[in-house]
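Hi,

Here is the structure we talked about.

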Amino acid sequence: MHVVTRSVAVVAALLMPFVSAAQTVPSADDVIARHVAAIGGKDAVLRVKSIKNSGKLDMPSAGISATMESASAPNRSFMRMTIPGIGDIKSGYDGTVAWEVNPMRGPRIKTDKEKVSAQEDADFYGTMLFPKERYLSTENVGAVDFGGEKTWQVKTVLKSGKVINEFFSVATGLRVGSSSTQESQAGTMNVVTIESEYKQFGAIKLSTRNEMTTGAQKVVVTLTQVVLDEVSAETFALPEMVKALLIKQ
């Protein structure tokens with residue numbers, strides 16, 4: 001009987017690391033809090049009033065290389081891509097109107113699900129801090145391999161009902177990427193994003209390389225410059241062509 005007891009004790013001791021690991025899976029709130037701390041902390045993020053980026057965009061399978069610039073502030077966003085032989089593709093959200101100007105299709109105003117996506121993407125602090133009030137629910141699904149790292153997969157459901165799976169590094173706490181659906185003029189697309197090469201800008205850390213995959217198409221955005229708190233209000237002003245469309249409505 002003592003032999004059996006000792007054997008059970010040995011097995012139990014061997015299993016303890018696995019049991020402990022299962023018991024210490026962090027909550028979604030804990031994973032998100034660790035990410036916020038890793039990028040500089042909530043107070044540091046809230047002191048930032050705008051971000052301006054510039055860099056390059058590559059679509060290897062299409063042989064396209066473009067320059068890009070973007071700007072973001074609370075409830076506002078702007079992006080411009082300059083593609084050789086095509087010209088400037090611009091898009092933005094000014095807090096009320098979501099729009100796009102494409103030299104191949106002309107100007108247009110985004111509506112319905114596309115507009116909702118633009119509004120969610122323009123949630124300046126929400127996209128960095130993941131506050132609970134932004135979501136219907138958040139759940140740590142568990143540990144998975146993503147982007148070449150061991151990560152915690154946090155399933156989030158935005159108030160719009162959109163589901164975004166966020167992946168946070170187990171080692172560093174930083175967000176490694178996400179998978180979700182994105183609304184576009186071509187319809188709903190599945191998008192997987194991998195974020196890497198975090199660098200320090202002022203008091204916060206931001207990723208400077210984003211790799212986005214939609215089906216067989218891969219887009220790599222590499223930032224060469226990030227500037228905090230130097231975006232003017234005019235950056236988010238509606239282009240004249242978009243204003244003309246509003247008048248016609």
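Phe124 is buried: its relative accessible area is 5%, under the 20% cut-off. Bear in mind that this is a predicted model.

A search of the whole structure turns up 4 aromatic pairs. One of them joins Phe124 and Tyr125. Their ring centres are 5.0 Å apart and the planes meet at 75°, so this pair is edge-to-face.

Another pair is Phe146 with Phe167. Here the centres lie 3.9 Å apart and the planes are at 5°, so the rings are stacked. Phe146 sits in strand S7 and Phe167 in strand S9, so the contact ties together parts 21 residues apart in sequence. Both Phe146 and Phe167 are buried.

Now the strands around that pair. S7 (residues 135–146) runs antiparallel to S8, with 10 bridges between them. Phe146 stands opposite Glu149 of S8. The two strands form a hairpin with 2 residues between them. Gly147, in that turn, has a positive phi of about 60°.

On to S9 (residues 163–169). It is antiparallel to S8 as well, joined by 7 bridges. Phe167 of S9 is the bridge partner of Gln153. The hairpin of S8 and S9 has 4 residues between the strands, and Gly161 there takes a positive phi near 100°.

Best wishes

Notes:
Residues numbered from 1 in each chain as written. Predicted model: local features only at pLDDT ≥ 70, side-chain atom pairs only at ≥ 80, totals over all residues. Heavy atoms only, no water. Pairing = 2+ DSSP bridges. Phe/Tyr/Trp six-rings, centres within 6.5 Å; stacked < 30°, edge-to-face > 60°. Buried < 20%, exposed > 50% of the residue type's maximum accessible area, 1.4 Å probe, protein only.
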